[in-house]
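The following paragraphs lead through a structure, from the confidence of the model to the way its parts pack. Please keep the sequence and the three-dimensional view at hand while reading.

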Protein chains: 2
Amino acid sequence: MQLGSSALLTDLYQLTMLQAYFDQGMEDTAVFELFIRSMPPHRGFLLAAGLEQALEYLEHLRFTPQELEWLAQSGRFSRDFVSYLERLRFSGDVHAMAEGTIFFPPEPVLRVTAPLPQAQLVETRLINLLNFQIMIASKAARAVLIAPGKGLIDFGLRRAHGAEAGLLAARAGYLAGLSGTATVLAGLRFGVPVYGTMAHSFIQAHADEGEAFEHFAHSQPQNVVFLLDTYDTEAAAEKVVGLAPRLQREGITIRGVRLDSGDLAEHARKVRRILDAGGLRSVRILASGNLDERAVQALISAGAPIDDFALGTRLDSCEDVPYLDSVYKLQEYAGRARRKRSEGKATWPGRKQVYRTQGANGCMDHDILTLEGDPQEGEALIQLCMHAGKRITPIPSLLEIRQRAAAELARLPAHLQRLKDAPPYPVTITLALHALATSVDQSTSEA
Amino acid sequence: MQLGSSALLTDLYQLTMLQAYFDQGMEDTAVFELFIRSMPPHRGFLLAAGLEQALEYLEHLRFTPQELEWLAQSGRFSRDFVSYLERLRFSGDVHAMAEGTIFFPPEPVLRVTAPLPQAQLVETRLINLLNFQIMIASKAARAVLIAPGKGLIDFGLRRAHGAEAGLLAARAGYLAGLSGTATVLAGLRFGVPVYGTMAHSFIQAHADEGEAFEHFAHSQPQNVVFLLDTYDTEAAAEKVVGLAPRLQREGITIRGVRLDSGDLAEHARKVRRILDAGGLRSVRILASGNLDERAVQALISAGAPIDDFALGTRLDSCEDVPYLDSVYKLQEYAGRARRKRSEGKATWPGRKQVYRTQGANGCMDHDILTLEGDPQEGEALIQLCMHAGKRITPIPSLLEIRQRAAAELARLPAHLQRLKDAPPYPVTITLALHALATSVDQSTSEA
């Protein structure tokens, strides 16, 4: 059983509701939309990500014999219903924003149109997949915007929330423009470029730091990056300078050094001077240690001579915004628009489309949120990507998605690129959508 | 390929270091310890969790043919080294604190004793597994402590960081004392009790709210919990009162109602009055909606008549503490103690043991952190759990772990149970450990 594809990766209430839908024969077409209710603090924009995994999940959705037996034995469900689950496949349509598209609450990023039980069952996992990758891609994009020309590498697997989070963070970060990741499996699975240096334990396992450097250089001649801060950062930099000519004679070039503790700007300046004085101007300095886009900005602003930044724990755990207010809401059932009116949580009904207009400077200007079939000026962002349970080809590659994200970030207005206090981007709700909401409210029976 | 067990769930630097260890024949015994460097904000204690998954990972560690081929083709590694990886298994020992044990920084929770390459390779995934479950178990335990007698259920899968996070959060939460989870797969995989109600979409898919209630009750007669806030919470409560006698005649008892928006304390009071006046005193009120232990405490303090709380997003994303400063550090190699001295990140060297003393009131009094083989008063917390790559039996069941956690929480001093401003718990470092650190510093070559 592949963990991420299990049909039981869902909340129990989806299954208890499905039993009731089954009993009542409620299998008409339902339309659900997935959106973020409001912009999280410290964010000026969001970046769509995770669609690939969402569509894979839908395409392969099925209950295994073991899962069906367990459900049957739970005593919660009828035999007929369990047989129905055995046959259940996702046969619906999905419309979505392409991965790498910038978007804003409350614009939908994904719409599912399917028989009600299918569309209901998949809610939990669709949110689970999209919420996380959107969160990571959006945070990584902030780092990309404030560090042009710098190398930015995801180092966060160890403190990501489990295996899938680490793996998908590597994907989402690369999609948003990071240079790569340290997570090896993301190289095999997604083709994300993989980077790595050495750990303190490598130095400590040797009796002598210089010997450790030399051993590493001989074993990884194409990838020589030395970690300097195990004992004394500047003393280690001097050792690197001493070692370089010897390695040079063997045809080995030192690529870089890594700083991982203390005042990184100050150490970088000292180390840069030592390296330069030793003729090692081309050796890059990589900084790591609980960095995120705010720390990177501070180091760049301080003029620290750092070439590459490792984004670790704070990226993969999305430390400042560890969740989004992401929801998946019924918009239409059996041909009738629906909406929820709970206090503070009311939603816009119907199948929606987002149009994006462009200003004279080539930047995005404002968005229009309206109903499908109500054309507006601008580019329509929501497109069909799965029909009758099959994905629409061609499927964009991760590189294509990354290029799209880069193009999107290039047309983001300067004030939305700020790390804080970005003004809200205008998303206009059309009269047609207002009118539908009013009409749904009037017709909803509460008798 | 099972995602969580891949040997490539590691940082590239582990593999580049392994190539160097291989080239140098550095296969002597290494000792690494995993610990949390410092107590995160707003926490008075931590709860050990995740050992089960860590040991499973070690027991099944191997590179698949596909992974080996990909590594060989990367051009980073020698053929001989890839052949060596093909044969690599974890053959070491693991000592650890039992899951469900309360602990404090910088006490080690896990120690790996194995040939250096094996012990090095597993760093990333061991931290990844333990960091997350410790974080969730510790947060869930706070809720358990402040809400005695209340039902507490994990509802957080959708906004957990991926599938594994959702699944392991359900396990860690249950271990810490939550009543159960909504995540169905956690029922199948771990035997965690599974709970569920209904979603707003269920109500909205029906033309009439009362009809929706009735359909649900007929399909799930053993599990009748109605969601009240889709349109108007108190009006919905009145409908429940109206429906109850009819259901009663059919032998169906209403278990509970759920509130998910607005002022939960105020709605709970109004709904309780309506239910009581309608003769439904035994119907429980469940509250949900971005709750964590602080919100639960506030609702209980406000005297809100809520019986059960759903802990969702803020628990599973560990919103206030989304990572721990968890590390895995080399303590000894080839019979010699080691330590890192990086600024602000120095570690205690050697193989360590933690002794816990008990006060007159039966509560834990203070801990003593010392070297293995330096017996102290109190209970030794670190025990052998894997020998030569095989787990020590009997392996504790999740229920036994949960009982251990309950016993541990019962002997936690009252001041450490506070949700904030808990004073630090005393962890004494012995003279023997101080002396070893000094001796390691003096002997470490920096020439």
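The pLDDT is the predictor's confidence in each residue, from 0 to 100. Chain A averages a pLDDT of 95, and 98% of its residues score at least 70. For the complex, the predictor gives an ipTM of 0.96 and a pTM of 0.97. This is a predicted model, in which local features need pLDDT of at least 70 and side-chain atom pairs count only at pLDDT 80 or more, while totals for chains, interfaces and linings use all residues. Residues are numbered from 1 along each chain as its sequence is written, and chains are lettered from A in the order in which they are written.

Between the chains, 94 residues of chain A and 94 residues of chain B take part in the contact (two residues are in contact if their C-beta atoms, placed from the backbone, lie within 7 Å). On the side of chain B that touches chain A, helix α1 (residues 12-24) of chain B gives the most, with nine residues; helices are DSSP runs of H or I with at least four residues, numbered from the N terminus. Of the interface residues of chain B, 100% are also interface residues in chain A, so the copies meet through the same surface.

Key:
Helices (H or I, at least four residues) and strands (E, at least two) are DSSP runs, numbered from the N terminus.
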